[in-house]
Amino acid sequence: MNQTVFLQHSQRETCIAQLSADLAAQLQEALAEQSRASLLLPGGSSPQALLPLLAAQPVEWSRIDLSPTDERWVPADDAQSNWGLLHRGLPQAACLDPRQAASPQQSASAWAAQLSDWLPFDAVLLGMGEDAHIASLFPSMPGLVAALDPAAAPAGLVGIAPSEPYTRLSLNLPMLLQGKWIGLLAFGPVKRRMIDSVLADEPVSRTLPLYALLWRSPLPVRIYWAP
Ligand SMILES: O=C1O[C@H](COP(=O)(O)O)[C@@H](O)[C@H](O)[C@H]1O
């Protein structure tokens, strides 16, 4: 059943302010009971303005284990690296680099094996593309049905993007759904139309990765959206 919480803002600034405060509250609650807390964040453009707000929150970032939800198969210092974006944005957190080995497949397996020690994640924030991909799970890519199967074991995989950089590392849906808190950050009218189509259960939307996220999550997904 879909239990999405839709948090709509008229401005991106207020949207990311609410999101950073909510994430900080979730992490503070976890740190009150545990020595460390875990956080998964998306890459791409949407979180860029979020990271400075998040870094300014009263969270002991040195006690946070951080990982991207997915990575582009590029060097760590490449401008397109999700790990690089998060490492620069939250430098005090321990940011796990998904590039664990020489090949994408070995890296995906080793990355997921390390993340399995963190389960369940204290917070998972996803982004989405205008094609309704989440993490690096793209519509129509090979292996997508298995990657979105809620009965599969949590795992890492090699994703194929429709544009460069083509080779990606991603967590599968069962791994992404291991959050005690799950959010989605999305900006703009195209993403809004995709979200509306998925929430309306339009048949055309049912094969989309976003559909699987919103309809297969055991927890309500908190969507933070602004134009
Ligand atoms: O390639 C990616 O795209 C999505 C969406 O990115 P955005 O630039 O539209 O915000 C992102 O969530 C994912 O982590 C990233 O690797």
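A polar contact is taken here as a pair of N or O atoms within 3.5 Å; within protein, one atom must be able to donate a hydrogen and the other to accept it, and residues adjacent in sequence count only if both atoms are side-chain atoms. The model is predicted: local features need pLDDT of at least 70, side-chain atom pairs count only at pLDDT 80 or more, and totals for chains, interfaces and linings use all residues. Residues are numbered from 1 along each chain as its sequence is written, and side-chain values use heavy atoms, with hydrogens and water left out.

**Ligand site**

| Residue | Distance from side-chain N or O atom to ligand oxygen |
|---|---|
| Ser46 | 2.5 Å |
| Asp70 | 2.5 Å |
| Asn82 | 2.9 Å |

The ligand taken alone exposes 390 Å², of which the protein buries 88% (accessible areas by the Shrake-Rupley method with a 1.4 Å probe; for residues, only the protein chains shown count as cover). Around the ligand are 15 residues, and Gly43, Ser45, Ser46, Asp70 and Lys191 come nearest; a residue is near if one of its heavy atoms lies within 4 Å. This shell holds eight polar, four charged and three nonpolar residues. In that division Ala, Val, Leu, Ile, Met, Phe, Trp, Tyr, Cys and Pro are nonpolar, Asp, Glu, Lys and Arg are charged, and the others, Gly among them, are polar.

**Salt bridges**

The model has eight salt bridges, each a side-chain nitrogen of Lys or Arg within 4 Å of a carboxyl oxygen of Asp or Glu. One of them pairs Asp22 with Arg222, with 3.0 Å between the closest N and O atoms. Asp22 belongs to helix H1 (residues 12–31) and Arg222 to strand E10 (residues 222–226), so this pair ties together parts 200 residues apart in sequence. Helices (H or I, at least four residues) and strands (E, at least two) are DSSP runs numbered from the N terminus.

**Backbone exceptions**

Most residues other than glycine have a negative phi, and most peptide bonds are trans. The bond from Leu119 to Pro120 is cis, with omega near -10°; Pro120 sits in the loop between helix H4 (104–116) and strand E6 (123–127). Glu164 and Pro165 are also joined by a cis peptide bond, with omega about -10°, and Pro165 lies in the loop between strand E7 (156–160) and strand E8 (167–171). Ala132, although not a glycine, has a positive phi of about 70°. Its place is the loop between E6 and helix H5 (144–147).
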